[in-house]
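Welcome to this guided tour. Please have your viewer ready, with a cartoon view and a way to select residues by number.

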Amino acid sequence: MNHLKTRYQTNLALLTDLYQLTMAYGYWKSNRIEDEAIFHLFYRKNPFQGDYAIACGLQDVIDFLSTFQFSPSDIAYLRSLKDSNDDLLFEEDFLVYLAEMKFSCTVDAIEEGTVVFPQEPILRIKGPLIQAQLLETILLNCINFQTLIATKAARIVQAAENDTVLEFGLRRAQGIDGSLSASRAAYIGGCHATSNVLAGKIYGIPVKGTHGHSWVMSFDDEIEAFEAYAKAMPNNCIFLVDTYDTIKGVKKAIRVGKKLRKKGHSFLGIRLDSGDLSALSIQARQLLDKAGFEDAIILASDSLDEYQLKTLKNKDAQITAWGVGTNLVTAKDQPALGAVYKLAAIKKKNAPWQYKIKLSNTPNKVSTPGLLQVRRYLLSDGQPFGDMIWNTEDKEPIPRIQSFDGRAIVTNNRAYKELLVPIFQAGELVYQAPNIHQIRKRGKEEIDLFKKVDFKLYPIGLEEQLNALKLALIQQHI
């Protein structure tokens, strides 16, 4: 299924920045339509002051590229654009070129759910310069946000330890697309379900929910509200108990729970949405256990994140499930990943590659040239040993990582795997995409593999020959 087409029922070729089109026009005017280019998409700094990110968003990239084409209405719109002199912005022949253009790039990517690090290419695009340039904005849009949210979700799930984590962020998400993309990424990052029903339909994510305060307030009293909900949803009863007095609400929920049990149904638990969650959960647990509901869950919500979860855990809160919304789907403490898309090489027809580098006074903003691959070395038990970025034009790398922190790490005789895998070959899709549940499983397995890793000592850097090439290009341009 093409999820983007399902969501929008429209062509997305114009979901780009205008300067991508003006650069493409400039290349066309300069007779560079046969030039080829290599671009890499990567981020420079781990989000949330953490140790890693979880790659996410590739499926949207696949869906977009599978149908990438300028429609007649796109061309008609571009034909209407004017420059500062009120002349047409683009020549008609260029618009004909766009209309007839067929996607023909080769794309390699790190699979979704994989642990990734700064400077490592998550996507590698090789193909016609004009096409590769036009793809920049949409690829960044797909990867930046979902990688950020998947990473945030992974952090929250780790903080929850073995508890259930539900994504409840739809109403606070950044628009319709933000909510759908966030629900997908949060599930890949480890959340167990979402409240977002449309995301459940589109992506196959489990959906969960309770009821709101308005349900309780619409009745004359709380016990009547719980009884009515139990009658309507006898097998889905998690009662929100803090509309008025939380502890009294717990006691009323227990009363209704006993009636459910007599009728052969299970009382699933209660939800706390305000107050001192630690103290209230401890009191609620005592009441539930005393009433014989030892298996009833205590679900907490109320603007939670991984930091609050850890605090509540340290206070011995008796919470067994967590509804996490705003702080997850908006990545509130860091609302953007900041991934970039940089040119690494260019070539004329029948000519060798010319390596390109972007310099900066900020060291981590200096780009890396070449046709890059990420090789992850492994210990005998499968635990990651280190990541090396290497230039595949060198055919075979020297087994030594020139770590970004200044160390040189020898990797002789280590098992390894190449992280970038083929997605498109000359415009043809060659990748069999896993379903969302398989991606989520990969994410969990990846995080488990890294649990024993000391990230402060984990080497990430360039292969020796690539490092020398980069230094030579820096010297050439200063």
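Where does UniProt place the feature "domain: Nicotinate phosphoribosyltransferase C-terminal"? Select residues 373-452: that is where the unreviewed entry puts it. UniProt positions are given in the numbering used here, feature names are shortened, and annotations may be inferred rather than shown by experiment. The span is 18% helix and 41% strand, and its end C-alpha atoms lie 25 Å apart. Helices (H or I, at least four residues) and strands (E, at least two) are DSSP runs, numbered from the N terminus.

Before you go on, a word on the model. It is predicted, so to say: local features need pLDDT of at least 70, side-chain atom pairs count only at pLDDT 80 or more, and totals for chains, interfaces and linings use all residues. Residues are numbered from 1 along each chain as its sequence is written, and side-chain values use heavy atoms, with hydrogens and water left out.

**Stop 1: the whole chain**

Zoom out and show everything. The C-alpha trace spans about 80 × 60 × 40 Å along its principal axes, and the chain holds 17 helices and 21 strands. Of the 478 residues, 54% are buried; here buried means under 20% relative accessible area, exposed over 50%, and partly exposed in between (1.4 Å probe, protein chains only). Take the contacts (heavy atoms within 4.5 Å) between residues at least 6 apart in sequence: 74% of them join residues at least 24 apart.

Now colour by charge. You will find 57 positive and 55 negative side chains, with the centres of the two sets 4 Å apart. Lys and Arg count as positive and Asp and Glu as negative, while His and the chain ends are not counted; each charge is placed at NZ of Lys, CZ of Arg, CG of Asp or CD of Glu.

**Stop 2: two more annotated spans**

Select residues 14-144, which the unreviewed UniProt entry annotates as "domain: Nicotinate phosphoribosyltransferase N-terminal". This stretch is 40% helix and 17% strand, and its end C-alpha atoms are 19 Å apart.

Next, select residues 167-349, which carry the annotation "domain: Nicotinate/nicotinamide phosphoribosyltransferase" in the unreviewed UniProt entry. Here the end C-alpha atoms lie 50 Å apart, and the span is 44% helix and 14% strand.

**Stop 3: aromatic rings**

Show the side chains of Phe, Tyr and Trp. A search of the whole structure finds 23 aromatic pairs. Rings of Phe, Tyr and Trp (its six-membered ring) pair if their centres lie within 6.5 Å; planes under 30 degrees apart count as stacked, over 60 as edge-to-face and the rest as tilted.

Pick Y25 and F90: this pair is edge-to-face, 5.4 Å centre to centre with 85 degrees between the planes. Y25 sits in helix α2 (residues 18-29) and F90 in the loop between α4 (72-79) and α5 (92-100), so look for a link between distant parts of the chain, 65 residues apart. Both Y25 and F90 are buried. For comparison, select W215 and F219: their ring centres are 5.0 Å apart and their planes meet at 55 degrees, which makes the pair tilted.

Stay with W215, which counts as partly exposed at 27% relative accessibility.

The relative accessible area of F90 is 4%, and F90 is buried. Try the distance tool from F90 to R184: these two are 94 residues apart along the chain, and their C-alpha atoms are separated by 38 Å.

**Stop 4: K456**

Move to the loop between α16 (436-449) and β21 (460-463), where K456 is found. Is K456 buried or exposed? With a relative accessible area of 75%, K456 is exposed. Leaving aside neighbours within four places in sequence, K456 is in contact with D405 and R407.

**Stop 5: two positive phi angles**

Most residues other than glycine have a negative phi. Select S303, in the loop between β10 (297-300) and α14 (306-314). S303 is not a glycine, yet has a positive phi of about 50 degrees. At 44% relative accessibility, S303 counts as partly exposed.

Finish at K395, in the loop between β15 (384-391) and β16 (400-403). Its phi is positive too, near 70 degrees, and K395 counts as exposed at 65% relative accessibility.
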